[in-house]
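The following note sets out points for a colleague who is reading this structure alongside its sequence. The points are numbered so that each may be taken up separately.

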Amino acid sequence: MKRPKMKFGYAILALAVIAMISISAIMGQQRDTERGATLYQQYCASCHGSEMQGGNAQSLVDGVWQFGVEDSYVFRNIKYGITHLGMPAYENALSDTDINNIIAYVRGVEKDRGVERPAIARETGTMDYELNIEVFAEGLEVPWSIDFLDANTALITEKPGRVRVVKNGKMLSQPVAGTPAVLNEGQGGLLDVAVDPNYAQNGWIYLAYSHSLTSAGSERPVAMTRLVRGKINDNRWTDEQVIFEAPAETYRTTRHHYGCRIVFDPWGHLYFAIGDRGYQDQAQDYKLPNGKVHRIYPDGSIPEDNPFAKIEGAIPSLYSLGNRNIQGMAIHPTTGHLWTTEHGPMGGDELNLILPGKNYGWPVITYGRNYNGTTITDNRTYPGMEQPNFMWNPSIAVCGLDFYTGEMFPKWENKLMVGALKYEQVTLLTLAGDRVIHEETILKNAGRVRDVSTGPDGAIYVVLNNPDTVVRLSKK
Ligand code: HEC
């Protein structure tokens, strides 16, 4: 009977060794806040204050993160710096682990002091106007876009796949029934809603969303951006027509960079954009729909003078090439030109005036680099490729775009309102021709800005994520 006992002893010993190894492995992975505290004092305290209270630079424990609140943004801001504002890059001085140790220390101090995100302010000042900020709609789930049927009715999309109606300032308790099924994964889901410019006569409403197909070769459904139009009767989606669907073989298994906004020019065209779907080189291939701006008629037919319509094998709806992931689109109120905001990689968010058949360069030229710090290309310019009209480096994560066209703020007539997810702001750009000559932030830190729109009453409507609300900016 001795031998089995011996075996039992070995087994216990072995288990103990395994347990010790795994505990030390877990400890090794855990973020070391003490080391973070030491490094903070050594590298950061001189500017951000020994108690993080601020000094030469802002407080890190006031709950306000101007340059992105999530750990991934804070990490990038430390590693790559915000150099034009005097925040150094630490990519050479600190390892990734040590940057995470510092973040763990900062988060710990935030928690100890009970720091909370400040509530949305109820007013704000700008150079031209004092603004009231009020909640227009809440109780939403990842709202993505807003448009207006008439003076009293707004439509709001929720990314999981719902269209909500706000009538006379009250949101209907039920979403519109019967809207298309969407693939709500990653950046995909129900995206834009747009109301036909002649809605009062024809009743058409347009939706863009991530559409999935089961693919023969893989378990994972493939997906691409798709557009439909339909009508809303008694809170029901009816008369649906598909107006853009990409060829099935161009669908992808990725779940990001879908585009998509829908706008109309004064000559009866409809524009939308599809992001590169994570395949950057495909943005240059006119045989594929991704990484491009498209132009169609609202019934889905192709304008004969589309720049690629007569090229053998090209996707006939293409209007421009080399667009990484457009998240804002607007038509200039007097010129009728299409303007877009596009997510660059790290650095290099762009504002572009989109002209037919032009190539906007992604990924051959860009001012950004990959988020892991590696270089995409050394080229900033290239023959036959367009430069941006304006550029944000570091990236603010541009999202949502509209020209201000209301009567409430006459001094802002035809200025561009640019939303930003990461920097949680709405910026007003003044254009002179195709140059940006002035930039002013009019809303900051209310939430991640997904969409911005002039309302029929002249107020500015801002769709926010986290908190998931729509706020209305009006003149005080
Ligand atoms: C030379 C001064 C300086 C030093 C040293 C410095 N910073 Fe900064 N930091 C800044 C400035 C300037 C900003 C820009 C924002 C501002 O203050 O308006 C900033 C911004 C930041 C932000 C973005 C805050 C937000 O609201 O989103 C973080 C995070 C940050 N610093 C962390 C650190 C850490 C961690 C260290 C040490 C490893 C450090 N900084 C060292 C000057 C400094």
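1. A salt bridge is here a side-chain nitrogen of Lys or Arg within 4 Å of a carboxyl oxygen of Asp or Glu. By that rule, a salt bridge joins the side chains of Arg369 and Glu91, with N and O 3.4 Å apart. The rule gives a count of 20 salt bridges.

2. On the basis of the values: the model is predicted, so that local features need pLDDT of at least 70 and side-chain atom pairs count only at pLDDT 80 or more, while totals for chains, interfaces and linings use all residues. Residues are numbered from 1 along each chain as its sequence is written, and side-chain values use heavy atoms, with hydrogens and water left out.

3. Helices (H or I, at least four residues) and strands (E, at least two) are DSSP runs, numbered from the N terminus.

4. Ideal angles for six octahedral donors are 90 or 180 degrees. Both His48 and Met87 are buried. Buried means under 20% relative accessible area, exposed over 50%, and partly exposed in between (1.4 Å probe, protein chains only).

5. The domain assignment divides the protein chain into domain 1 (30-112) and domain 2 (124-475); such bounds come from an automatic or database domain assignment. Their contact (heavy atoms within 4.5 Å) takes 14 residues from domain 1 and 14 residues from domain 2. The C-alpha centres of the two domains are 33 Å apart.

6. Between them, domain 1 and domain 2 bury about 1,100 Å², of which 50% is on carbon and sulfur atoms. In domain 1, Tyr73, Arg76 and Tyr80 lose the most area to domain 2, together 41% of what that side buries. Buried area is the accessible area (1.4 Å probe) that two parts lose on being put together, summed over both. The interface of domain 1 and domain 2 is also crossed by 2 salt bridges.

7. Since 7 of its 10 residues are buried, helix 4 is largely enclosed by the rest of the structure. The buried residues of helix 4 are Tyr73, Val74, Phe75, Asn77, Ile78, Lys79 and Tyr80, and they pack against helix 5 and strand 23. Just after helix 4, Gly81 adopts a positive phi of about 75 degrees.

8. Asp96 and Lys79 form a salt bridge at 3.0 Å, N to O. Asp96 lies in helix 5 and Lys79 in helix 4, so this pair ties together parts that are 17 residues apart in sequence.

9. In the salt bridge of Arg255 with Glu185, the closest N and O atoms are 2.8 Å apart. Arg255 is in the loop between strand 10 (236-244) and strand 11 (262-264), and Glu185 in the loop between strand 6 (170-171) and strand 7 (190-195), so the pair ties together parts that are 70 residues apart in sequence. Arg255 counts as buried at 8% relative accessibility, and Glu185 as partly exposed at 35%.

10. Asp451 forms a salt bridge with Arg261, their closest N and O atoms being 3.6 Å apart. This pair links distant parts of the chain, 190 residues apart: Asp451 is in strand 23 (residues 448-454) and Arg261 in the loop between strand 10 and strand 11. Asp451 is buried, with 6% relative accessibility, and Arg261 is buried, with a relative accessible area of 3%.
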